[in-house]
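Me: Hi! I'm new to reading protein structures, and I'd like to go through one with you step by step.

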Amino acid sequence: MSAEIPSPELTDGHKLLLKRLGVSIDAGTLRLALTHRSYAYENGGLPTNERLEFLGDSILGFSVTDALYRDNPLLPEGDLAKRRSAVVSTRALASIGRELGIGEFIYLGQGEKLTKGRNKSSILADTMEALIGAAYLTHGIEVARQLVMRLVGPLLADSAVLGAGTDWKTNIQEIAASRHLGTIVYDITGVGPDHDRSFTANLMIGGKHYGTGTGPSKKEAERTAAAAAWVDLEKKFFPGAAAASTAASTGKNDAVPSTAGVSPDVSSAGK
């Protein structure tokens, strides 16, 4: 279903969305949170969700920072910052938005509709932040914080998501140089029309294939290929760390902390 014409009351679609979010928001504030600037401009300059997005971004950052600080008393500032970056990233928020089906409720202009705006990561992530801001305006900080933790809490324990904050390409460069593995090459191919293109990157080091990644941009495809390659490189050069990473992902807390994302002899890489 697609929300197109604002009404004074919550529609059935709005009620479904709020049920998924687990929070109540008044009709006017909810409509504002769902109004993308493309729709606003095409309909006489209506208010957009950008101010709510600004507000929600701050609440999201604070809530995640607070949780990370309290739950990880031994982690240094640099690691806390990387984890926060991963959890509040456009990629992570868009993934949550897709799971909730947020896209079908966003008010979009015709141009964005034609270019599949309902599935664009930037639009989904911005709308998620606007919804957090709307929850804050309706109920205050504690309800908004609870909403944030329901949405992103599972990501805080997901090693794969937290790894999204790691600069995999830099890690690959460092380990390739320190181990004399050879020249790094990303072989990239793209398919699809310009407005909906998908890229695949194959990472070659010294002529040997190490990882493949896909994404909506060349940069994202390269990043995911590097992340995939690191898995094999970690097993080869850091077997203890690889075992710890596996244990962490299965909830075993007695494992030795993983050194994933840290290249040999460069323990402060990425800070």
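Predicted model: local features only at pLDDT ≥ 70, side-chain atom pairs only at ≥ 80, totals over all residues.

Me: Which residues of α4 are buried?
Reply: Buried means under 20% relative accessible area, exposed means over 50%, and partly exposed lies in between (1.4 Å probe, protein chains only). By that rule, the buried residues of α4 are Leu52, Glu53, Gly56, Ile59, Leu60, Gly61, Ser63, Val64, Ala67 and Leu68.

Me: How far apart are the end C-alpha atoms of α4?
Reply: The expected span of a helix is 1.5 Å times one less than its number of residues. The 22 residues of α4 should therefore span 32 Å, and this agrees with its end C-alpha atoms, which are 31 Å apart.

Me: Is α4 roughly parallel or roughly perpendicular to α9?
Reply: Axes are lines fitted to C-alpha atoms, for helices over the stretch in contact, and angles run from 0 to 180 degrees between N-to-C directions. Helix α4 (residues 50-71) packs against helix α9 (residues 141-152) at about 70 degrees, with the axes 9 Å apart. Angles under 35 degrees count as roughly parallel, over 145 as roughly antiparallel, 65 to 115 as roughly perpendicular and the rest as oblique. So α4 is, relative to α9, roughly perpendicular.

Me: Which residues does Ser63 touch, not counting residues up to four places away in sequence?
Reply: Ser63 sits in helix α4 and is buried, because its relative accessibility is 1%. Contact means heavy atoms within 4.5 Å. Leaving out residues up to four places away in sequence, Ser63 touches Arg145, Val148 and Met149.

Me: What separates Asp66 and Arg70 in helix α4?
Reply: Side chains of opposite charge can pair when their charged atoms come close. A salt bridge is a side-chain nitrogen of Lys or Arg within 4 Å of a carboxyl oxygen of Asp or Glu, and Asp66 and Arg70 form one at 2.8 Å, N to O. Because they are 4 residues apart in helix α4, their separation is about one helical turn.

Me: Where is Arg37, the salt-bridge partner of Glu50?
Reply: The closest N and O atoms of Glu50 and Arg37 are 3.2 Å apart. This pair links distant parts of the chain, 13 residues apart, with Glu50 in helix α4 and Arg37 in helix α3 (residues 37-42).

Me: Is Glu220 buried or exposed?
Reply: Glu220 meets Arg91 in a salt bridge of 2.9 Å, N to O. The pair links distant parts of the chain, with Arg91 in helix α6 and Glu220 in helix α12 (residues 218-237), 129 residues apart. Arg91 is partly exposed, because its relative accessibility is 34%. Glu220, with a relative accessible area of 16%, is buried.

Me: How many salt bridges are found in the whole structure?
Reply: Some salt bridges share partners, and these join Arg91, Glu220 and Arg223 into one network. A search of the whole structure gives a total of 8.

Conventions:
Residues numbered from 1 in each chain as written. Heavy atoms only, no water. Helix = DSSP H or I, 4+ residues; strand = E, 2+ residues; numbered from the N terminus.
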